[in-house]
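Please look through the sequence and the structure shown here, and then read the report that follows with both of them at hand.

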Amino acid sequence: MTVRGRGRTRVVLLTGKGGVGKTTTAAGTAVLAGERGARTLVLSTDAAHSLSDAFGVARGEATDEPVPVTECVWIQQVDAQRRLEASWASIQRYLRAVLDAAGADPITAEEITVLPGAEEVLALLALRDQVVSGAWDLVVVDCAPTAETLRLLALPEALGWYLDRLATSGARVARAVTPTLARAAGVPVPEPGVGEAARRLHADLSEVRTILGAPESTVRLVLTPESVVVAEARRALTTLSLYGYRVDGVVANRVFPDSGDDPWRRRWAETQRETLVEVAASFAPLPVWEAAYASREPVGAAALADLARGTYGASDPVAVPDVPAAMEVVPRDDEVEVRLALPFATGGDVGLTRHGSDLVVTVGSYRRVLALPTMLSRHTVSGAHLDAGRLAVRFVAPADGRGTW
Ligand SMILES: Nc1ncnc2c1ncn2[C@@H]1O[C@H](COP(=O)(O)OP(=O)(O)O)[C@@H](O)[C@H]1O
Ligand SMILES: [Mg+2]
């Protein structure tokens, strides 16, 4: 096990469609790591907490603070309601008011769709607290179903974009949001204390970004071998890549054992096998771990560990993978190419807009506002293409040769 003694906490987030086995896989991965000596926390950010059920402990025993379930493994179910902080509520009220007043500014209007609920923020802050505590070698995050998780993971950056502009207090805040906002009539003046609260939240969220952006933090997709589920997992991989997260593998859960004389069962096993071949081919080079369909619900540490041992086999479930960064900036002759990994995206899905020093990339209904490196601030976009799951955007230096390099 490579997790111990590295000094930095390994973070594995598990997500996937509802009911595919995220909690079971998160718990199993944790127990396995715990058996090998890693001090491990399983943190659930799904409001529909079921960690206590997976471990077979009474609901009342699993709390908002970590509680032990085995010698090395602790569980924590984040209770966002309880954590709701007055300062955050006031920022959110103010943001809403500002955005309402802003009317039709395109960036702002679209950003509203990723404007988070306080619960996601609190879940991220709970994760941050545990990671910086130094108490854990490994934190396994049992996430909510895919769509909510994607919203959660878009948040540190999307919200940081606002808070950058909000961090100056008082009336200057209104002017700082966007030039369009400054012109918009009736931008409200923030309540006292909003500036300070915004600055604190901004600092907290940058810490979350640093943690989630570190090579030790990865997302693992859980799916079942069914075409609808696989389709959602593929879209999740595209979106996670858009946001710059490292995906380290796929767990295919509830795989039927082969054989048997019953034609119904044999047919299911064959269909799953065909889907798994597609899964392996389409997610390559990511590892695909298969978890067997157990003959009963894997509840309790022993059953969870058995399932996880079968799933990961000889491989280390929490090794830090060698996943390349999702975004690269590559100088080429007199051009600069910005490359972004977008597995499975097709030309029709992807939109690209330049807003000053931001490049706005959309894939379907998801969007990311990428702050361009300052060296590109005077360059113009000369073209873009999508090839083998990689978006390449080309920038040329200004004609007067006064590019920043
Ligand atoms: N490999 C498996 N074999 C048998 N039952 C499983 C398996 N994986 C999950 N389950 C059961 O399926 C149900 C849903 O699993 P869960 O991990 O709670 O899914 P999710 O967290 O994705 O909603 C639970 O009752 C769980 O015990
Ligand atoms: Mg669950």
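## A buried threonine

A residue is called buried when its relative accessible area is under 20%, and exposed when that value is over 50%. The model discussed here is a predicted one, and its threonine 149 counts as buried because its relative accessibility is 2%.

Threonine 149 belongs to helix α7, which covers residues 146-166. Its side chain comes to 2.5 Å from the backbone oxygen of alanine 144. When neighbours within four places in sequence are left aside, threonine 149 is in contact with Thr15, Cys143 and Ala144.

## The protein as a whole

The secondary structure of the protein is made up of 13 helices and 15 strands. Of its 405 residues, 50% count as buried, and the accessible surface of the protein comes to about 17,900 Å², with 53% of that area belonging to carbon and sulfur atoms.

If one considers the contacts in the protein with a separation of 6 or more, 74% of them are accounted for by residues 24 or more positions apart.

In soluble globular proteins, nonpolar side chains tend to be buried together. In this model the largest nonpolar core has 85 residues, and Leu223 and Phe283 are those with the most contacts inside it. At least three residues of this core come from each of domain 1 (1-322) and domain 2 (327-396).

What does leucine 223 touch, not counting residues up to four places away in sequence? Among the residues it touches are Val20, Val229, Val230, Ala233 and Val250, and the list also includes Val279 and Phe283.

## The surroundings of ligand 1

Around ligand 1 there are 15 residues, of which Lys22, Thr23, Thr24, Arg254 and Glu297 come nearest. Backbone atoms of the protein also lie close to polar atoms of the ligand: a polar backbone atom of lysine 22 is 2.7 Å from an oxygen atom of ligand 1, while a backbone N or O atom of valine 20 lies 3.2 Å from an oxygen atom of ligand 1. For alanine 292, a backbone N or O atom lies 2.9 Å from a nitrogen atom of ligand 1.

How much of the area that ligand 1 exposes when taken alone does the protein bury? Taken alone, ligand 1 exposes 570 Å², and 82% of that is buried by the protein.

Definitions and conventions
Residues are numbered from 1 along each chain as its sequence is written. Chains are lettered from A and ligands numbered from 1 in the order in which they are written. This is a predicted model: local features need pLDDT of at least 70, side-chain atom pairs count only at pLDDT 80 or more; totals for chains, interfaces and linings use all residues. Side-chain values use heavy atoms; hydrogens and water are left out. Helices (H or I, at least four residues) and strands (E, at least two) are DSSP runs, numbered from the N terminus. Buried means under 20% relative accessible area, exposed over 50%, partly exposed in between (1.4 Å probe, protein chains only). A polar contact is a pair of N or O atoms within 3.5 Å; within protein, one must be able to donate a hydrogen and the other to accept it, and residues adjacent in sequence count only if both atoms are side-chain atoms. Contact means heavy atoms within 4.5 Å. A nonpolar core is a set of buried Ala, Val, Leu, Ile, Met, Phe, Trp, Tyr and Cys residues joined through side-chain atoms within 4.5 Å. Domain bounds come from an automatic or database domain assignment. A residue is near a molecule or strand if one of its heavy atoms lies within 4 Å of it. Accessible areas come from the Shrake-Rupley method with a 1.4 Å probe; for residues, only the protein chains shown count as cover.
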